[in-house]
Amino acid sequence: MRVTDLHKHYGPKHAVDGISFEVPAGQVFALLGPNGAGKSTTVEVLEGYRARTSGQVSVLGADPGRPTPAWRARIGIVAQSTKDLSDLTVTEVVRQFATFYPHPRRPEAVIEQVGLADDARTRASALSGGRRRRLDVALGIIGDPELLFLDEPTTGFDPEARREFWALVQLLAADGTTILLTTHYLDEVEVLADALAVIDRGRIVATGTPATLGDRDRAPATVRWRDAGGTWRTELTGEPAALVGRLHAAGGEPDGLSVHRPTLEDAYLSLLTPAEVSR
Amino acid sequence: MTTTPTTPAGPRTRAAADASAFRSPAFLLRTSWARTVVELTELSRSWDALVFNVFFPIIFLFIFGSVFDGDVAPGVSFTQYFTAGMAASGVLLVSFQSLAISIAVERDDGLLKRLEGTPMPPAAYFLGKVGLVVVTGVVQMAVLLTAAHLLFDVDLPAGPQQWWTLAWVTVLGAAAGTLLGIAYSSVPRTGRSANAVTAPVVLVLQFISGVFFVYSQLPGWMQDVAAVFPLKWMAEGFRAALLPESMAAAEPAGEWQLGLIALVLAGWTVLGLVLCRTTFRWRRRGDS
């Protein structure tokens, strides 16, 4: 998937204002950004739902601006929160969608894989939010896609449901499915993504991996300890190990010692805040 | 979190399916059948749609047939006349009303957008709706005529010619109702308002088109208004099928205008098709 200088304008509003990125096959790529940053608009262009104003886009070697059934058969879409399909059971829905694809996975196997085997005969309307989302994923992967779009898949989940959902995504990724994930949860990105881009106000403000975003792997670390007099001391240093060594040499094991690198969240927030405000 | 992403087994790539496979009649047939089965399954679980669209005419036949036992003409009971009107209403309900509401709801709740994101041929969605209309229309007509005959001594069509009239008026009326219902589904702004925006249309048409009242006794201006819309013509067609020949003289035109009925219903069918092709949307307003 390759996106070059993508623009999507609604009148004077530039929802997407010159975005470029590339996702190699087999990667889990996360688009991260606050609400209204242009994540979903970008994804809907890539899914073949929205026409773009300008820019080059190639998804599985084709232009999503002119989606064909053969191309649609190779992608899977899990859109933002849905409320359709209410009167059908899980099995009925998944079987129906299997008929739309030339090489579908086995409906029973997919239901099992997303963890809905116990609810196979439950109506969609009776599923909890988390289990309902699993049904969305089942419909996203029933066609055995090479590329799967997950648009804010875990919004509204309780912590346990999110962990379970992550395991499911990791299973799909291990299977070689390319995944484009949009989210505003940083822990989700840290667990799932191989690479990521941060979008703010329609532009990409940073790209990297969860470990290196905003150069946080090379940023100064904060060392905190309590000195002999019982006062808390804090020092920002590029060489935390050396500092800790000096402390130990001077007075043995320091009280309450911690070494803290910027978290992904720190790095992310510093990217969103305009530089002049943060100083 | 310290979970390490599992090592990918290598990217999935597969030769794209032959594009012609998606245009084959077999694929269209398979997907349309799947949609039809889903439509019927959903209907069987939706009591409001069953009562208001499918069984409404039968319920009303029972109520009106039990309350009014007079004759509209010597030897022609009110119930006989009313059965023709209920048959026409029923066809409009299972086609126009049922589709206008269900499609508006399915557009608003995102089903149409979800289907748009799959390789399903768009025609399969519409053929699924047609399948729903055909099955519900046939069942409804059969139950209506059987109940009217057994419970209220309503005469069935007198001969092959009358049965033929019943058949083509049903088919043409349902075709017009189906296409107009698909087109009208774009009128309600939300799925929630679909019922309120659609049901009164059919209700008002029933009052002015000779369903609840004898058409020839309505004020002239009301007859003129009703004559613009399909229900008046469908009701007249069903009267031609169900009433004795002698009743033709009681019509405002002094005869069953079968040719004109066919022409008007065909005209509405064409108009419905044009409206569908020019206005149908897979997504909610503002989603583009």
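Which residues lie nearest the centre of the second largest pocket? They are A:E44, A:A79, A:Q80, A:S81 and B:K113, among the 31 residues that line this pocket.

## Basis of the model

This is a predicted model, in which local features need pLDDT of at least 70 and side-chain atom pairs count only at pLDDT 80 or more, while totals for chains, interfaces and linings use all residues. Residues are numbered from 1 along each chain, chains are lettered from A in the order in which they are written, and side-chain values use heavy atoms, without hydrogens and water.

## Interface of chains A and B

In total, 41 residues of chain B are in contact with 46 residues of chain A (heavy atoms within 4.5 Å). Four salt bridges are counted between chain B and chain A (a side-chain nitrogen of Lys or Arg within 4 Å of a carboxyl oxygen of Asp or Glu). One of them joins A:D136 to B:R114, with the closest N and O atoms 2.8 Å apart.

## The second largest pocket

A pocket is an open set of points on a 1 Å grid over the protein atoms alone, where a 1.4 Å probe fits, with protein on both sides within 12 Å along at least five of seven lines; lining residues have an atom within 4 Å of a point. The second largest pocket has a volume of about 530 Å³ (the space filled by probe spheres set on the points, which are joined across faces, edges and corners).

## The largest pocket

The largest pocket has a volume of about 690 Å³. Its lining comprises 30 residues, with B:S46, B:A49, B:I101, B:S102 and B:V105 nearest the centre.
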